[in-house]
Each structure stands twice: as C-alpha cells, then as structure tokens.
Amino acid sequence: MARCSAVSWIQLICFSSVLCKGFLSLGHVPMLLWSTHRSFQDLATTLHEGHVISEQELHALLKQALASPDPRNVALFLQDALSVDDFTHYASSSGNETPFRNVQELLRTSSSSLVLPAVDCQAVSHLSGYLQEMLNWALVNVDGKETSQLMVNGSKPNVFVIKLPLTSRTNDLSTRKELLENDKIIGEYTKSLQQQGIESVAIYTARRPSKVPVGPDVEWQSRRHLMSVEKQEANLYAPINITNGTGPNATCILFYATDLNFTADGTVMNLTHRTFESHEVDTSSSTCSGTNATLSLKYTNPVKGIESLEISFLMTNKKYVGSAREWFTLDFVHIQQDNKETAIFTAPSISGPAEYSFHCQLVGTSDHYGATLTPSNAAAKEWQVVISEFQIQAFSVEGHKFSYASDCTTFFTPGIWMGLVSSLVLLLILTFGIHMIVNLTTNNRFDDPKDQPLSVPQGE
C-alpha cells in the first residue's frame, strides 16, 4: 500500500513538473540578429512561422552562425520587455522620431540578418552565459547609457551585454520615447563598431514579453461612432487650444491629430512633435467668430532648407433652412512655404452640425482616405498631406473640450453594402426554392403492379 502511494506521489510530481514547464514556455519574445559577415544567410530557410524557438534550438542556431572565425565580437542588446506588437504599434509613424528606425536600417543594410518572432524566454535568460561558454570569450557587461564611452579592442574577442534602459510603459507617449532612446543607443553603438572596422554580430531581444495596451479607439476605429468628451482623456497629448478673450468659454478653436505629415519636393515634414508636444508653433494669426474661423499654424525652420511654413484651416458656419440648424464646413486648407505660391485645397466632405466637432481617422490628399483634400491650384498638386486621427471644432466649444464628433465614416460602408447584397441574393434563392416546392403536383393515377399496366392515352 505504501509502495502504491509513493508511486502515485511520484506520478503526480512528474505531471505537475510537465504542466508547469508547459505554462512557463508560453512566454516568448522576438529576437533580431544582424551581422557584418554572412553568418545568417542560409538560416532563414530552416525556420517556419508560428514556431517558438526553444533553448536547444537557439543554441544550435547560434552555434552554426558563429562557427566561422569571423566575426570576433558579439553585442547582445538586452531590453527588459519586448514583443512583436511593439513593432506594429510604435513603428507606424514616419520621420526621424520613429522607434526602431535604426534597427530596421541595420537589418536592411547588414551583410546578413535574421528575425525570430518567437524565442522562449528561458533561452534568453541563459543566453549571455551560453555565449561566453561556447565561444570562450571575455564577457563585458555594459550599461546602455555608457555605450558612447566604451572603447572596443578589436584584437580580442568579446561578448558585450548591453543592458538597455528600462521601459516604464506608463502610457503610450512615454513608451514611444523610451523605445526611441533605446533604438538610438543600438544605432550609435553598432555604427561605432562599423566605423572602427570591427566585425561583429548584434542580437536585440528582451528578458520577458511586453503587453501593448489596446484602447477602445483602436478596437473600434473602423466603426462610425460619436466621440464623447471622456475619450479625450485617452489622447496622447492636449489639443491645440485657440482662445478669444477670457473666461470658462474663451476657447473658440480646438485641433487634434496623432500624426501630422506634409511632403513637398521629396521633403517629409512630420510636424506632430512641434505642434502638440514642444509647442514650437505660432497660432497668433488664428481668428474666430460666430460665422467664420481660421486656424493658423506657423512653423520656423521646420526642416532643413525651409525657413517658414504656414498651414491654415478656413471654416464657416451657416444656417440651412432645409435642416433648420447651423452647419459648419471646412472650406479651404492653405499651405504657404517661404515666398512660394500658396497651395490651396478644398475639403468638401469635412462638415457637420455646428454644435459638434468633426473627426476622421485619416485625412489627406489620397482618394483612399476617409476625408480627401482636393487640390485647387497647381501649387497644391506638389504637396502630399496625411493627417491621422484628425479632429477639429471651431464653433460652440464649451469647457475647453471637444463636443460629440460627427465621424467621416458613412453609415453604409462597403462591408455593409456587400452584406446587404449577399443577403438579398440568398433571400431570392430561398424564395424561388419555396415557390418551386409549393407548386409541386402529384399524379392523379398510379400504376398497380398486381393489376393491368396503366395505359395513358396519347391525348392526355
């Protein structure tokens, strides 16, 4: 009896250990590798999507990649948390202030590179020790903030473990800045090795997976909705606020966007940071009244080669007898660069009730956006405009906050039309089938095998 009890306990312990191992293996992180040598050239074909690289598989892969005598240095950039969602969520913006810009450039320009979307966290936790043991090289731990002062001896092989600064992930904006700083550290250190002519392999990964928050505005961004004032609290930063006088209702124009991009003659100007974060924008020329409003955004030296840039949104408010209410429209968008001709755009689809604000996920010069800016003169055709999460209100502003928003997405989207047409076709087929069944008739006479065969005259 005691023997059976002991066997049962052993079986239970073994089962629990297997179960715990299965749970622990659920954590995985991405791993990006690039080299100045052709170390990873033929390794991508051995991998397949959806597979989590185990510790043994990672060791075998690195052993194959580092089998050649060159390169003689390994740089392991270790972050506290990282996931594939970080790349899709934070690397969507354009311009120089984009997280992972240096990493993407290094992957593209290196002699060979490899991307492992899912590596077991257990493998990453022992990676530095394994590299030192396998290569028998000196292990050098480096604080990420001290990489600029690090002197590399190219004659000796080393394994550098660069511990990148922690990402607090308190909000979307701070996380973006922290990832941007880590990306700069990776870029500066790797490029310094390249300038010294030192062959190296770089590995970028993290100790544990990160969790990217997905707000309701991301989950439901394709649906038509009226944005309440509570949604403004989740914005990355405060909107542009134009006041007229003093008092609680002094605000007359509100403007917000998550991405403000203008392109002319191949020059890309991302004005988001200047407009909403550092406030390097002059709005003193903005005007507002009960019937007309102009939002003027003036920038000095927005990019190299451009001394001044002014973007103006001209809006009017009129009462329409047919609807018995007031409606506002964005009539024109003007772009004035230096002393060149003013580019003029019309925005026929941007309008709404005067007591509402207007919101659109994408506004720009492309016909595929929710609201299109149409060029009105030759100068406007040279510009490309992309504004993400565009929201503006120039009339009936109360309490320094946006009112409910009239969205640019129509009630009958292409998906809804497809569903309605498909349902109609299926309904017609069902109706036809029921009609055929109802009109089926049976014979009035039947052939009896025991009787004489039934004779049907030709006339019947």
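Is Lys340 buried, partly exposed or exposed, and what is its relative accessible area? Lys340 is partly exposed, with a relative accessible area of 45%. Here buried means under 20% relative accessible area, exposed means over 50%, and partly exposed lies in between (1.4 Å probe, protein chains only).

The model is predicted: local features need pLDDT of at least 70, side-chain atom pairs count only at pLDDT 80 or more, and totals for chains, interfaces and linings use all residues. Residues are numbered from 1 along each chain as its sequence is written, and side-chain values use heavy atoms, with hydrogens and water left out.

The protein has 10 helices and 21 strands. Helices (H or I, at least four residues) and strands (E, at least two) are DSSP runs, numbered from the N terminus. Of the 460 residues, 39% count as buried. Among contacts (heavy atoms within 4.5 Å) between residues at least 6 apart in sequence, 68% join residues at least 24 apart.

The largest nonpolar core holds 52 residues. Such a core is a set of buried Ala, Val, Leu, Ile, Met, Phe, Trp, Tyr and Cys residues joined through side-chain atoms within 4.5 Å. Phe255, Leu295, Phe313 and Phe390 touch the most other members. Leaving aside residues up to four places away in sequence, Phe390 touches Phe255, Tyr256, Phe313, Leu330, Ile350, Phe358, His359, Cys360, Gln361 and Val363. Apart from this core lies another, of 27 residues, among them Leu58, Leu78, Ala123 and Val201.

Helix 2 spans residues 55-65. Its buried residues are Glu55, Leu58, His59, Leu61, Leu62 and Ala65. The buried residues pack against strand 1 (28-35), strand 3 (112-120), helix 5 (121-125), helix 6 (127-135) and strand 6 (201-208).

Strand 12 (residues 292-300) pairs in the antiparallel sense with strand 11 (residues 287-288) over two bridges. Strands count as paired if DSSP finds at least two bridges between them. Three residues separate strands 11 and 12, which form a hairpin. Cys288 has Ala293 as its bridge partner in strand 12. Strand 12 also pairs with strand 13 (residues 308-320), again antiparallel, over nine bridges. There, Thr294 has Leu314 as its bridge partner.

Six salt bridges are found in the whole structure. The criterion is a side-chain nitrogen of Lys or Arg within 4 Å of a carboxyl oxygen of Asp or Glu. Arg108 pairs with Glu105, the closest N and O atoms being 2.7 Å apart. Both lie in helix 4 (residues 101-109), three residues apart, about one turn of the helix. Arg108 is exposed at 60% relative accessible area, while Glu105 is partly exposed at 33%.

Asp265 and Lys340 meet in a salt bridge (3.7 Å, N to O). This pair links distant parts of the chain, 75 residues apart. Asp265 lies in the loop between strands 9 and 10, and Lys340 in the loop between strands 14 and 15. Asp265 is exposed, at 59% relative accessibility.
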